[in-house]
Amino acid sequence: MTRLFIAGLSTETNSFSPMPTGMTSFEEGSVHHGNATQDTEQYYTAPLHIWRRRAEALGWEVVESLSAHAQPSGPTVKPVYEGFRDEILADLKAAGGADVILLTLHGAMIADGYDDCEGDLIAGCRAIAPDAVIGGLLDPHFHLTELMLDKASLLVAYKEYPHVDVPERAEDLFSLAARTVAGEIRPVMRDYDCRMIIAMPTTKDPMRGFVDAMSAREGQDGVLSLSIAHGFPWGDHPRVGTRALAICDGDAAAAAAEAERLGQSLYGLREELHTRMPPLDEALDLAAAEPKGPVVLADMSDNPGGGAPSDATFLLRAMIERGMTSVATGLFWDPVAVRFCSEAGEGARFDLRLGGKCGPMSGDPLDLKVTVRRIVPGMTQRFGKLSAPIGTAVWVECDGIDIVLNDLRCQTFHPDAFEKLGIDLSQRSYVCVKSSNHYQAGFNPIAARVIGVATPGAITPDFANIPYRNRKRNYWPAVEDPFA
C-alpha cells in the first residue's frame with residue numbers, strides 16, 4: 001500500500017519587520033498536531049484536506065503530522081522553528097518513512113540561524129526517506145533555493161496573486177506526485193533567474209495573459225508544471241527575486257530551456273508590470289476627484305500579509321485632517337482598543353486611543369471620540385473560496401468615519417470584513433484596506449476605482465532601494481540592465 005505523509009509549516013518573513021515570529025504568532029494563526037484534517041478547512045489547512053481526500057480515494061495509507069502557520073512578520077524564533085521541524089521529522093521517522101511526502105509551505109520562511117527553512121525541512125525529510133516522492137506546495141512569493149531544487153521531487157507554486165487558487169494547485173501537486181510514484185512520469189526541475197524584483201498582480205494584463213498562457217503550456221511537449229517564484233521583496237535573502245521554474249518529464253535540458261523561455265518572456269514585461277504607486281497626498285487628491293464611490297484605497301505599506309503591523313495611522317490621519325467623511329477603513333490590529341471597546345459594549349461613546357503602537361513605522365496614535373457600533377467575536381472573511389479568521393472584530397464610528405478593529409492580525413481580503421459588522425460599503429465614498437494586492441479579488445468588483453497608495457510604513461514599494469544586506473543589487477529596477 002502506498003503511504004502518504006502530509007504536513008505543513010509556513011510563515012512569510014519580513015526581515016525589516018519589528019515583530020518577531022514566536023509561538024504565540026503560530027498559535028494565533030493555526031497549529032494542529034496531526035489533526036488539522038479533523039478541523040474546519042481553512043486557507044492554511046485546505047491542502048491537507050485535499051491530499052487526504054485524494055489519497056483515501058486511491059486506498060493509500062495517510063500519516064498526518066504537524067500543521068503550523070503564522071501571519072507574516074519578522075524572523076521566526078530559532079527554538080520555535082527547530083521544534084516544529086523536529087516534530088515533523090520525528091513523525092516521519094516514526095511512520096517508517098513514506099512513499100510520498102507532501103508539504104504545504106510558504107517558501108520565504110527565515111528563522112534565526114536558518115535563511116532557508118523550507119530547504120532545511122525538505123532536506124531533513126529526504127534524509128529519512130531517500131526514495132520518496134517529495135512535493136512542496138508554495139506561495140509564489142517564495143525564495144527558490146538550490147537546496148529546495150536538489151532535495152524535492154516536485155515544487156508547485158500558486159499561480160494567482162491574489163492567491164485564490166490554493167485548492168487547484170494542491171490538486172495539481174497531488175496528481176503529479178501520484179503519477180510519479182506510479183512510474184508514469186519522471187519529473188525533472190530547472191529554474192531561470194529573471195533578475196528582477198517587482199510586484200506582479202495577476203488580476204489584469206499583462207500578468208493575466210501571461211499566467212493563462214503559462215497554464216495552457218502545461219501538458220504539452222513533456223511540460224508537467226510551470227511556476228513563477230515572484231520572490232518576497234522584504235525578505236533579505238541571497239536569492240530573493242523572480243525566478244521561473246519548469247518541471248518536465250525526464251528531460252533536464254527541456255526543463256532548463258522551458259524555464260529560460262518562460263523567464264525571458266516575463267522579464268520582457270517588466271516595464272508594463274512595474275506600476276508607480278502614488279504617495280499619500282496625491283492618492284487622496286485622486287480619490288477626492290472621483291465623481292462616485294466607493295473608491296478603494298489600499299494602505300500598501302501597512303499590509304500585515306507582508307509582515308507590517310497593521311496599526312499604522314498615516315492614511316486615516318490624513319483623511320481626518322482633510323475633513324473626509326463617508327469612509328470605511330480597516331483592519332486595524334489593536335488588541336488593546338478591541339478590549340476597551342468590548343469592555344464598554346455596543347452603543348458606548350468614549351475616548352479611544354487607536355493604532356500607532358508597534359513602532360515608528362506605525363506612525364503616532366490617534367486619539368478619537370468614538371461610538372461602538374458592533375462587536376463580533378470569532379469573525380471570518382473570505383479569501384477566494386476559503387475562510388480566513390479575523391478574531392474579534394469591532395466597528396467604531398467617529399464623525400462619519402467607520403473604523404474596523406480586530407485582535408487577530410491579518411490583512412483585509414474581502415468586503416466581508418466590513419459587511420459582516422453591518423457596514424454597507426455601497427453607501428461609502430471611500431473604503432481603505434490594509435493590503436498590498438490580495439484585497440483586489442474581493443474589492444475590485446464593488447469599486448468605482450482602486451488606488452494603491454505608497455503610504456509610509458514597513459513595506460515600501462520602492463523595490464530599487466530596499467536596504468538588503470544579503471542580496472546583491474544585480475536586479476532590475478535597482479540596475480537598468482542586470483544581464484550586462
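Mentor: A residue counts as buried when its relative accessible area is under 20%, as exposed when that area is over 50%, and as partly exposed in between. The model above is predicted.

Trainee: Is cysteine 398 buried or exposed?

Mentor: Its relative accessibility is 9%, so cysteine 398 is buried.

Trainee: How does cysteine 358 count by relative accessibility?

Mentor: Cysteine 358 has a relative accessibility of 29%, which means that this residue is partly exposed.

Trainee: How many disulfides does the count come to?

Mentor: A disulfide needs two cysteine sulfur atoms within 2.5 Å. By that rule the count is zero disulfides.

Trainee: Now helices. At what angle do helix α7 and helix α8 pack?

Mentor: Helix α7 covers residues 207-217 and helix α8 covers residues 252-267; their packing angle is about 165°, and their axes are 11 Å apart. An angle over 145 degrees counts as roughly antiparallel. α7 and α8 are therefore roughly antiparallel to each other. Their crossing is right-handed.

Trainee: Which residues of α7 and α8 make the contact?

Mentor: From α7 come Met207, Phe210, Met214 and Arg217, and from α8 come Glu258, Arg261, Leu262, Ser265 and Leu266. Sorted by class, the residues of this contact are five nonpolar, one polar and three charged.

Trainee: How far apart are the axes of helix α2 and α6?

Mentor: The axes of helix α2, residues 46-57, and α6 are 9 Å apart, and the two helices pack at about 40°. α2 crosses α6 in a right-handed sense.

Trainee: Which residues in α2 meet which residues in α6?

Mentor: On the α2 side they are Pro47, Ile50, Trp51, Arg54 and Ala55; on the α6 side they are Val166, Pro167, Ala170, Glu171, Leu173, Phe174 and Ser175. This contact of α2 with α6 has nine nonpolar, one polar and two charged residues.

Trainee: Next, the backbone. What kind of peptide bond joins tyrosine 161 and proline 162?

Mentor: The angle to read is omega. Here omega is about 15°, and the bond between tyrosine 161 and proline 162 is cis. Proline 162 lies in the loop between β6 (154-157) and α6 (166-181). Aspartate 205 and proline 206 are likewise joined by a cis peptide bond, with omega about 10°. Proline 206 sits in the loop between β7 (187-193) and α7.

Trainee: What is the phi of aspartate 221?

Mentor: Aspartate 221 has a positive phi of about 55° although it is not a glycine. Aspartate 221 belongs to the loop between α7 and β8 (223-229). With 64% relative accessibility, aspartate 221 counts as exposed.

Trainee: Where is aspartate 399 found?

Mentor: Aspartate 399 is in the loop between β14 (386-398) and β15 (401-406). Its phi is positive too, near 50°, in a residue other than glycine. Aspartate 399 counts as exposed, at 60% relative accessibility.

Trainee: Is aspartate 416 buried or exposed?

Mentor: Aspartate 416 is buried, because its relative accessibility is 7%. This residue is part of helix α13 (residues 416-419). Leaving out residues up to four places away in sequence, aspartate 416 touches Met379, Thr380, Gln381 and Arg382.

Trainee: Which residues is leucine 147 in contact with, its neighbours within four places in sequence left aside?

Mentor: They are Asp116, Gly119, Asp120 and Ala123. Leucine 147 is in helix α5 (residues 146-151). At 34% relative accessibility, leucine 147 counts as partly exposed.

Notes: Residues are numbered from 1 along each chain as its sequence is written. This is a predicted model: local features need pLDDT of at least 70, side-chain atom pairs count only at pLDDT 80 or more; totals for chains, interfaces and linings use all residues. Side-chain values use heavy atoms; hydrogens and water are left out. Axes are lines fitted to C-alpha atoms, for helices over the stretch in contact, and angles run from 0 to 180 degrees between N-to-C directions. Helices (H or I, at least four residues) and strands (E, at least two) are DSSP runs, numbered from the N terminus. Angles under 35 degrees count as roughly parallel, over 145 as roughly antiparallel, 65 to 115 as roughly perpendicular and the rest as oblique. A crossing is left-handed if the near helix is turned anticlockwise from the far one by less than a right angle, and right-handed if clockwise. Contact means heavy atoms within 4.5 Å. Ala, Val, Leu, Ile, Met, Phe, Trp, Tyr, Cys and Pro count as nonpolar, Asp, Glu, Lys and Arg as charged, and the others, Gly among them, as polar. Buried means under 20% relative accessible area, exposed over 50%, partly exposed in between (1.4 Å probe, protein chains only).
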